[in-house]
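Work through the exercises below with the coordinates open. Each task is followed by a solution in steps.

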Amino acid sequence: MVMATTTSTAAHTSLASVTLEVADPEAARRFYSAFGVDTYIRLRASEAHSTGFRGFTLALTVSGPATVDGFVGAAVDAGATVLKPAAKSLWGYSGVVQAPDGTIWKIATSARKDTGPATREIDEVVLLLGVEGVKATRQFYAGRGLTVAKSFGGKYAEFAPGQSSPVKLALYKRRALAKDLGVPADGTGSHRIVLGSTADAFTDPDGFAWEAAASLAPTRS
């Protein structure tokens with residue numbers, strides 16, 4: 001399959017922030033601080049109804065297996081549940097955990113062996129949205145001004161990161177994403193996540209809400 005890449009820089013909208021809606025912001029703040037990802041997300045209180053798979057994951061890319069193990073261990077010590085124990089795969093080494101607030105996190109590396117000691121450094125954070133139609137949703141976002149950086153047909157799409165956010169946005173088939181995370185694909189209610197937009201507020205075809213970044217008032221900045 002040929003990978004399509006576009007180099008357009010005429011983006012009107014980009015991802016400015018990621019806000020998780022949680023029942024207990026103080027408890028969530030303690031967890032994410034211990035996990036080591038608190039600088040990448042915002043938190044705000046919400047009691048919105050949600051069951052099953054929320055349709056997204058936040059993925060950390062790190063340097064090697066020992067660092068994956070370190071992040072998984074820190075998450076578990078802080079109260080996370082292991083959905084997939086860290087193990088080698090075709091693509092490298094990874095593990096999946098679920099935070100006490102319900103957010104699913106994947107920690108991965110393309111390396112199968114360590115070339116140095118474990119660190120607490122994160123190379124990249126990617127917000128993967130599970131969508132019904134990657135092509136259609138990719139076109140929707142491109143129409144709003146996001147720049148497509150990579151596209152593998154109807155399977156995966158990735159957008160160029162915005163200057164104001166340390167998190168990269170990508171699209172994946174919902175059922176494929178759920179399978180990769182080790183959870184059933186079914187879910188109802190709120191996604192319990194809000195994406196900060198450098199432009200205006202909107203909702204994408206799969207119900208993911210974007211709000212103008214200036215209007216977001218999280219408990220953590």
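A charge sits over a ring if NZ of Lys or CZ of Arg is within 6 Å of the ring centre and within 35 degrees of the ring normal. This is a predicted model, in which local features need pLDDT of at least 70, side-chain atom pairs count only at pLDDT 80 or more, and totals for chains, interfaces and linings use all residues. Residues are numbered from 1 along each chain as its sequence is written, and side-chain values use heavy atoms, with hydrogens and water left out.

**Exercise 1. Charges over rings**

Task: Find which ring faces R120 and R144 lie over.

Solution. Step 1: R120 lies over the face of F71, 4.2 Å from the ring centre. Step 2: R144 lies over the face of F202, at 4.0 Å from the ring centre.

**Exercise 2. Aromatic pairs**

Task: Classify the pair F31 and F35, then the pair Y32 and W105.

Solution. Step 1: Rings of Phe, Tyr and Trp (its six-membered ring) pair if their centres lie within 6.5 Å; planes under 30 degrees apart count as stacked, over 60 as edge-to-face and the rest as tilted. By this rule the count comes to 13 aromatic pairs.

Step 1: For F31 and F35 the centres are 5.6 Å apart and the planes make 40°, a tilted pair. Both residues lie in helix α1 (residues 25–35), four residues apart, about one turn of the helix. Helices (H or I, at least four residues) and strands (E, at least two) are DSSP runs, numbered from the N terminus.

Step 2: Buried means under 20% relative accessible area, exposed over 50%, partly exposed in between (1.4 Å probe, protein chains only). F31 has a relative accessible area of 4% and is therefore buried; F35, with 0%, is buried.

Step 3: Y32 and W105 have ring centres 5.6 Å apart and planes at 50°, so this pair is tilted. The pair links distant parts of the chain, with Y32 in helix α1 and W105 in strand β7 (residues 104–109), 73 residues apart. Both Y32 and W105 are buried.

Step 4: One aromatic cluster is formed by F31, Y32, F35, F71 and W105.

**Exercise 3. Nonpolar cores**

Task: How many residues does the largest nonpolar core have?

Solution. Step 1: A nonpolar core is a set of buried Ala, Val, Leu, Ile, Met, Phe, Trp, Tyr and Cys residues joined through side-chain atoms within 4.5 Å. Step 2: The largest such core has 45 residues, and those with the most contacts inside it are L20, Y32, F35, W105, L127 and L129. Step 3: Apart from it lies another core of twelve residues, including Y156 and A178.

**Exercise 4. A backbone angle**

Task: Is phi of R192 positive or negative?

Solution. Step 1: Most residues other than glycine have a negative phi. Step 2: Phi of R192 is near 60°, a positive value. Step 3: R192 is in the loop between β12 (187–189) and β13 (193–197), and at 8% relative accessibility R192 counts as buried.
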